[in-house]
Amino acid sequence: MSGPLVAASGLTRIYASGEERVVGVRDASLTLEAGELAVLAGPSGSGKTTLLNLLGLLDRPDSGTLALHGEDVSSLDDRGRARLRREKLGFVFQSHQLVPVLSAEENVALALWIRGLPDAECRTRSRAALASVGLSGLEARRPDAMSGGQRQRVAVARAIVGEPALVLADEPTASLDSETAARLLDLFDALHASKGITFLFSSHDPRIVERVPRRVRLVDGRIASDERNGRGVK
Ligand SMILES: Nc1ncnc2c1ncn2[C@@H]1O[C@H](COP(=O)(O)OP(=O)(O)OP(=O)(O)O)[C@@H](O)[C@H]1O
Ligand SMILES: [Mg+2]
C-alpha cells in the first residue's frame, strides 16, 4: 500500500434522466491523507452526495480516476469493489438506517457477522465500539427507544467497528438539533484523535463546517475551494 488514502482525479458524474442531463460532479480532484478530518460543504444540489457515493464506491464516475491507498479502483469489478468497501470503508448515513428489531449491540455486530467473524468476537468488538462512542450500558436497547443523537452514535459505532481506513458520512448531523450535532462532531474529533480514523463527511451547516480542519467546498458540482486549517490545499 502506498500513496494517499484517497486520490481522486477529474471525477465527473453526469446523471441522465430522460432527455435531460444533470451534472452531479464535474472534474473533481481531491486527495485525502490518512488521519484527516474533512468536511464536504456546499449548498443543496452542489454534488456532496454524488461525490461521497463515488469515493465510497457506491457509484461509478463517467470519467476520472480514483485510487485508494494507491490501488486504482476503476478497473475493479463489482465483487472487488464490494470487498474494498467491506475492508476499508465505513458509512454513516443521514438517517441512521439501523435495523429496528435488533439491539444496539446487534446492529453494530451485523457489520462483523456479514464478514463471517465468530459470534463471540463480533459481540466483544461491538461492545467496545459502543463504549468508544459513549453508549456503554445501552447495548441491549433497540433504536426506537433511543434519542436521535444516540441512534447516530450507534451508526458511528457500526461504521468504525470493522476498523476501516476511511469513514464516509453523508449529512450525519442533518437530522439532529444543533447541540446534538455539535456533540457528534466532538465524537468524530475524539475518534480521529484517539484512533486515527479518517473521516470525510458532508454538511451544509456553517457552525459544523467552520470547526473542521479540512474543508472542501462544492459549488454546482465543482470543487470551488479546498483548505486545510485556513490554507489552500494544492
Ligand atoms: N439520481 C439522480 N438522477 C438525476 N439527477 C440527480 C440524481 N442524484 C442527484 N442528482 C442531481 O445532481 C446534482 C447534485 O446532487 P447531490 O445529491 O449530489 O447534491 P447534494 O450536495 O448532496 O445536495 P443536498 O444537500 O440536497 O443533499 C443535483 O442537481 C441533483 O438534482
Ligand atoms: Mg446530499
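Student: What should I know before I start?

Tutor: This is a predicted model, so local features need pLDDT of at least 70 and side-chain atom pairs count only at pLDDT 80 or more, while totals for chains, interfaces and linings use all residues. Residues are numbered from 1 along each chain as its sequence is written, and chains are lettered from A and ligands numbered from 1 in the order in which they are written.

Student: How many helices and strands does the protein chain have?

Tutor: Helices (H or I, at least four residues) and strands (E, at least two) are DSSP runs, numbered from the N terminus. Here the protein chain has 7 helices and 11 strands. The radius of gyration, taken over C-alpha atoms, is compared with a globule rule of 2.2 Å times the number of residues to the power 0.38. For this chain it is 18 Å, close to the 17 Å that the rule gives for 234 residues, so the chain is as compact as a globular protein of that length. Its C-alpha atoms fill a box of roughly 50 × 40 × 40 Å along the principal axes.

Student: Which order do the strands of the 7-stranded sheet take?

Tutor: Two strands pair if DSSP finds at least two bridges between them. The open sheet of 7 strands has the order 6-7-8-3-9-10-11, with mixed pairing. Its edge strands, each pairing on one side only, are strand 6 (89-92) and strand 11 (231-232).

Student: What packs on that sheet?

Tutor: Two residues are in contact if their C-beta atoms, placed from the backbone, lie within 7 Å. Angles run from 0 to 180 degrees between N-to-C directions, with axes being lines fitted to C-alpha atoms, for helices over the stretch in contact. Helix 1 (residues 48-55) packs on the sheet and touches strand 3 (37-41), strand 7 (166-169), strand 8 (198-203) and strand 9, its direction making about 155 degrees with that of strand 8. Helix 5 (residues 148-160) also packs on the sheet, where it touches strand 6 and strand 7 and makes about 170 degrees with the direction of strand 6.

Student: How many bridges join strand 9 to strand 10?

Tutor: There are 6 bridges between strand 9 (residues 214-219) and strand 10 (residues 222-228), which run antiparallel. Val216 has Asp226 of strand 10 as its bridge partner, and Arg214 has Arg228. The hairpin of these strands has 2 residues between them, and Asp220 takes a positive phi near 50 degrees there. Continuing along, 2 bridges join strand 10 to strand 11, again antiparallel, with Arg228 opposite Arg231. In that hairpin, Asn229 takes a positive phi near 50 degrees.

Student: Which order does the sheet of 4 strands have?

Tutor: That open sheet has the order 2-1-4-5, with antiparallel pairing. Strand 2 and strand 5 are its edge strands, each pairing on one side only. Strand 1 and strand 4 (residues 63-68) are joined by 5 bridges, and Ala7 stands opposite Ala67 in strand 4. Strand 4 and strand 5 form a hairpin with 2 residues between them, where His69 in the turn has a positive phi of about 50 degrees. Helix 1 lies across strand 1, strand 2 and strand 4, running at about 120 degrees to strand 1.

Student: Is helix 3 largely enclosed or open, and why?

Tutor: A residue is buried if 20 or more other C-beta atoms lie within 10 Å of its own, exposed if 12 or fewer, and partly exposed in between, with C-beta atoms placed from the backbone. In helix 3 (residues 104-113), 7 of the 10 residues are buried, so the helix is largely enclosed by the rest of the structure. Among the buried ones are Glu105, Asn107 and Leu112. Their cover includes helix 4 (119-132) and helix 5. Across the 234 residues of the chain, buried residues make up 38%.

Student: Which residues come nearest to ligand 1?

Tutor: A residue is near a molecule if its C-beta atom, placed from the backbone, lies within 6 Å of it. Of the 13 residues around ligand 1, Tyr15, Ser44, Lys48, Thr49 and Thr50 come nearest. Helix 1 gives the most to this shell, with 3 residues, and strand 1 (6-17) and strand 2 (20-32) each supply at least two.
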